[in-house]
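Thanks for sending this one over.

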Amino acid sequence: MNLEKEKAYRVKSLSQDILEHLMEDNTTYSHEDLKHVIEMLARSVSDLVTLYTEREGDHETALKGTISKMRIGYNVLQYKETSKLVRKQDKYQRTP
C-alpha cells in the first residue's frame, strides 16, 4: 500500500477515535475544549479539500499536517478525560 493511502487511513482512524470519545455517555467536556477540537477538525477538512482539489503540491506533507491537526484534537479529548480521572482519584486519596 502506498504511503499516501496509509496516511489517509490514519486520518479516518483518528476521526473514528474522536467520535468514540465524544459519544461516551459518562464524559463531559467544556465549551472551550470542544471549540478547540472543532477548530482542528475544520482545519483538517479544509486541508483535505485543498489536497484533493489541487493537482500541484506536496500531498505527503499535507497529509502529515492533517494528521497532526487531528491528533491535537484527539489529544484534547484524551487529556481532559485522563486528567478528570486522575483528579477524581486524588480527591479520594487520604493525605498522610
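1. Is Arg43 buried, partly exposed or exposed? Arg43 counts as partly exposed, because its relative accessibility is 44% and the partly exposed class runs between the 20% limit for buried and the 50% limit for exposed. Please keep in mind throughout that this is a predicted model.

2. On to the partner of Arg43. Glu39 forms a salt bridge with Arg43, and their closest N and O atoms are 2.9 Å apart. Helix H2, residues 31-53, holds both Arg43 and Glu39, and the two are 4 residues apart, about one turn of the helix. Glu39 also counts as partly exposed, at 34% relative accessibility.

3. A second pair is worth a look in your viewer. Lys69 and Asp47 form a salt bridge whose closest N and O atoms lie 2.5 Å apart. This pair links distant parts of the chain, with Asp47 in helix H2 and Lys69 in helix H3 (residues 59-91), 22 residues apart. Asp47 is partly exposed, with a relative accessible area of 22%, and Lys69 is partly exposed as well, at 23%. Since buried means under 20%, neither residue falls in the buried class.

4. Glu60 and Lys64 are separated by about one helical turn, because they are 4 residues apart in helix H3. Glue this to the accessibility values and you have Glu60 partly exposed at 34% and Lys64 partly exposed at 43%.

5. How many salt bridges does a search of the whole structure find? The search finds 3 salt bridges.

6. Now the overall layout. The protein has 3 helices and 0 strands, and along the sequence the pattern reads α-α-α. Of the contacts between residues at least 6 apart in sequence, 79% join residues at least 24 apart.

7. Which residues make up the largest nonpolar core? This core has 9 residues: Val11, Leu14, Ile18, Tyr29, Val37, Ile67, Met70, Val76 and Leu77. H1 and H3 are the elements that give two or more residues to this core, and H3 gives the most, with 4 residues. For the protein of 96 residues, buried residues make up 23%.

8. The outside deserves a comment too. The protein exposes about 7400 Å², and carbon and sulfur atoms supply 54% of that area. On the surface, Leu19, Leu22 and Met23 form a nonpolar patch with about 300 Å² of accessible area together. Leu22 sits in helix H1, residues 3-23. Leu22 is partly exposed, with a relative accessible area of 32%.

Conventions
Residues are numbered from 1 along each chain as its sequence is written. This is a predicted model: local features need pLDDT of at least 70, side-chain atom pairs count only at pLDDT 80 or more; totals for chains, interfaces and linings use all residues. Side-chain values use heavy atoms; hydrogens and water are left out. Patches are made of residues with over 30% relative accessible area and no salt bridge: like charges are joined within 9 Å, nonpolar side chains (Val, Leu, Ile, Met, Phe, Trp, Tyr) within 5 Å. Accessible areas come from the Shrake-Rupley method with a 1.4 Å probe; for residues, only the protein chains shown count as cover. A salt bridge is a side-chain nitrogen of Lys or Arg within 4 Å of a carboxyl oxygen of Asp or Glu. Buried means under 20% relative accessible area, exposed over 50%, partly exposed in between (1.4 Å probe, protein chains only). Contact means heavy atoms within 4.5 Å. A nonpolar core is a set of buried Ala, Val, Leu, Ile, Met, Phe, Trp, Tyr and Cys residues joined through side-chain atoms within 4.5 Å.
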